[in-house]
Amino acid sequence: MPTPTPRLSDIVDQSTSRRAFLTRASVLVASLPMAEAAVTGCTNPTPVARAPGGPQDQTATATTPSENPDSRLDSSLKSGQPSASSATPGAVNAPPTVPFHWYDPALPPLTSERTKQIHMTVREVPIRVTADTIVAGWTFDGSIPGPMLHVRRGDTVEFTLTNQGSIPHSMDFHASQLDPKTAFQSVPPGHSVSYTFRPRYAGVFLYHCGTAPVLMHIGSGMFGAMVVDPPTPLPPAREFVLVQNEYYLAAAANGVSQFDYIKMLATVPDYVAFNGGPSQYQSKPLRVRRGERVRFYVVAAGPNHPCSFHIVGKQFDTVYLGAPPGNSIQGVQTFSVAAGGGMIFEFIADIPGEFPFVNHAFGHGQKGAIGILVVE
Ligand SMILES: [Cu+2]
């Protein structure tokens, strides 16, 4: 009789100790289809495809042969890591002097050209996320999150991803509508993929690596946000972008914490952060002037949890659930941004003071998803 494959719910429900949980979970990981696929990966000819049924300007090409154009069949397990950690060579090569970078949450200005050429580079590098924690990051352009992007509905986005890492990676823009097998294909180390799209809706959208296991790639730092303005701009405001994510850490080795895939499956994070730095906007708050309209673009990158966004002492006069300027509700205390989603929150800063902006699911707020907005 073959041994039946355990379900995750079984290992969570039946686990009475951490050791028993890890043992059962490792069997589950080994039984995932991607583990087998990783061994049988193949080389395909260069794909040049057009999104079926989509606008003619939505195309995707690989500039080199793809190792495997079907992202369902790729895996970080290919490099032989025993429990799917993020310990790729570049990521764990950390001098103790890796500095902390406060992530500026200001929405970058919109540029005038209607064709936006965006080139990102995958880098597996150590990232300091708190004063005493360096993680083995997988990144877009060397930061967690990747760069904030700002375009307008109807712009043409000409995107290229170059993989300078050691395992396959990819890019999935939630602002696009494309055939994922072509556009979001995994790119082998040293190669690039290019595709073009035109955002069909305004709003704020997640982007992330879509290489399997996606949980591991998002969980190791491969995510960011794209703001898409409507054709008629929203009212002038101080605009900030917050991307929430969770960190699931293994014990540090040589000063660097790898990410822990088993913890990601269990969905209990060590830290929850806005823009990659737990509590960074408590240490250095955001500042606006009294009377200004304030607009937060909030994205929940996950990989697992939503963000119950709330500002202590304020109410939102407008929350855009979908594409602005429609799809709004008024007079809101808290709204949950789904993992993989994005929403826009607005209010007038009419009272001076210090206002905490929080994930009101406070188990996650206390782990780092709290910042301070100072109204001067
Ligand atoms: Cu990746």
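Let's start with Thr133, which sits in strand S4, a run covering residues 133–140. This is a predicted model, so every value here is computed from it. Is Thr133 buried, exposed or partly exposed? It has 18 C-beta neighbours inside 10 Å, so it counts as partly exposed; being buried would take 20 or more. Along the chain, Thr133 and Phe100 are 33 residues apart, yet their C-alpha atoms are 9.6 Å from each other.

Next up is a four-stranded open sheet. Its order is S5-S10-S9-S7, and the pairing is mixed. Strands S5 (149–152) and S7 (172–173) take the edge positions with a single partner strand each, so one side of each has no neighbour in the sheet. S5 pairs with S10 (residues 223–229) in the parallel sense, over four bridges. Within that pair, Arg152 is found opposite Asp229 of S10.

Now for the packing. The largest nonpolar core has 89 residues, and those with the most contacts inside it include Phe205, Ala225, Met226 and Val241, along with Tyr297, Val298 and Val299. Strand S16 (residues 293–302) supplies the largest share of this core, with seven residues. What does Met226 touch, leaving out residues up to four places away in sequence? Its contacts are Leu149, Val151, Phe173, Ala175, Phe205 and Tyr207.

Val157, Phe159, Leu161 and Asn163 make up the covered face, while Thr156, Glu158, Thr160 and Thr162 make up the uncovered one. S6 also pairs with S3 (residues 115–130) in parallel fashion and with S8 (residues 192–197) in antiparallel fashion.

| Pair | Sense | Bridges |
|---|---|---|
| S5 and S10 | parallel | four bridges |
| S3 and S6 | parallel | eight bridges |
| S6 and S8 | antiparallel | six bridges |
| S17 and S20 | antiparallel | four bridges |

Where S17 (residues 307–311) meets S20, Cys307 stands opposite Val337.

Definitions and conventions
Residues numbered from 1 in each chain as written. Predicted model: local features only at pLDDT ≥ 70, side-chain atom pairs only at ≥ 80, totals over all residues. Pairing = 2+ DSSP bridges. Helix = DSSP H or I, 4+ residues; strand = E, 2+ residues; numbered from the N terminus. Core = buried A, V, L, I, M, F, W, Y, C linked by C-beta atoms within 7 Å. Buried ≥ 20, exposed ≤ 12 C-beta atoms within 10 Å, placed from the backbone. Contact = placed C-beta atoms within 7 Å.
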